[in-house]
Amino acid sequence: MVVEDDEDIRSLIEFTLTTQGFEVRSVETGLDGVEQVKAFDPDLVTLDLGLPGIDGIETCRRIREITDAYVVMITARDDEIDRLLGLETGADDFLSKPFSVRELKARINALFRRPRRGIGAAGPAPASAQAVVAAPSQPDHEVLEHGPLRVDVDGRRAFKTSDELSLTRTEFDLLTELMRTPARVWTREALLRSVWGTDWASDTHLVEVHIGNLRRKLGEGTGQPKFIKTVRGVGYRMESLES
């Protein structure tokens, strides 16, 4: 799904996605984009930040309410605030104009590699008092637990106590990686490689923003338990339940 009012950029994205094997639908406004997403439930949405009518931020917010499709936001402005707002509303990645066909393909391929990953580069979770890998009745069905948090990896569902959490695909993948190896301190660069499939060091803000979103959805706040610990100058790991 392409939501883009710049004809040249729209044509470039359509051509790139078509050559990648996608069936592509394209619209020029945010409102039309939301309606097309409702009607056709796409796997991927590329979304321009500077749309007429409702802008890309509001369009992304509305799209995220109705689908967990991957959302790649495209912007002509080199403004960090715009990018952070886009990520906070649920975008999975962003591209700044001008961009190459090669970069667009790389970003999209990285997104779609996530659901097909197995245990992942991090390897199996070590023995830990803070987290266990449960073995339910279904063979090879991976479930991770950390205090009141439970992640059904294969079912792609996450729970806090008995309440299901409404996570984006990226937030789910981040939580899964952290819970698989709860004692490991993940650098931002390592999370970029494992979750986003990229080595672009300039994208570490992607990790920071999505970690912030994830923390809010886990209910972290003043006087509330913390689940993700920031290791100053390094990265993140799961918080010890004994602390």
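Colleague: Which residue forms a salt bridge with aspartate 93?

Modeller: Arginine 107 does, with the closest N and O atoms 3.1 Å apart. Bear in mind that this is a predicted model. To read such a pair, look for a side-chain nitrogen of Lys or Arg within 4 Å of a carboxyl oxygen of Asp or Glu. Here aspartate 93 sits in strand 5 (residues 93–96) and arginine 107 in helix 5 (residues 101–113), so the bridge ties together parts 14 residues apart in sequence.

Colleague: Is aspartate 93 buried or exposed?

Modeller: Buried means under 20% relative accessible area. Aspartate 93 has 4% relative accessibility, so it counts as buried. Arginine 107 is buried too, at 6%.

Colleague: And what does glutamate 142 pair with?

Modeller: Glutamate 142 forms a salt bridge with arginine 180, and their closest N and O atoms are 3.0 Å apart. Glutamate 142 is in the loop between strand 6 (132–134) and strand 7 (143–146), while arginine 180 belongs to helix 6 (residues 169–180), so this pair ties together parts 38 residues apart in sequence. Both glutamate 142 and arginine 180 are buried.

Colleague: Where does lysine 217 lie, and where is glutamate 171?

Modeller: They form a salt bridge, with the closest N and O atoms 2.8 Å apart. Lysine 217 is in helix 8 (residues 204–217) and glutamate 171 in helix 6, 46 residues apart. Lysine 217 is partly exposed at 35% relative accessibility, whereas glutamate 171 is buried at 2%.

Colleague: How many salt bridges does the structure hold?

Modeller: There are 17. Some share partners, joining Glu58, Arg61 and Arg62 into one network.

Notes:
Residues are numbered from 1 along each chain as its sequence is written. This is a predicted model: local features need pLDDT of at least 70, side-chain atom pairs count only at pLDDT 80 or more; totals for chains, interfaces and linings use all residues. Side-chain values use heavy atoms; hydrogens and water are left out. Helices (H or I, at least four residues) and strands (E, at least two) are DSSP runs, numbered from the N terminus. Buried means under 20% relative accessible area, exposed over 50%, partly exposed in between (1.4 Å probe, protein chains only).
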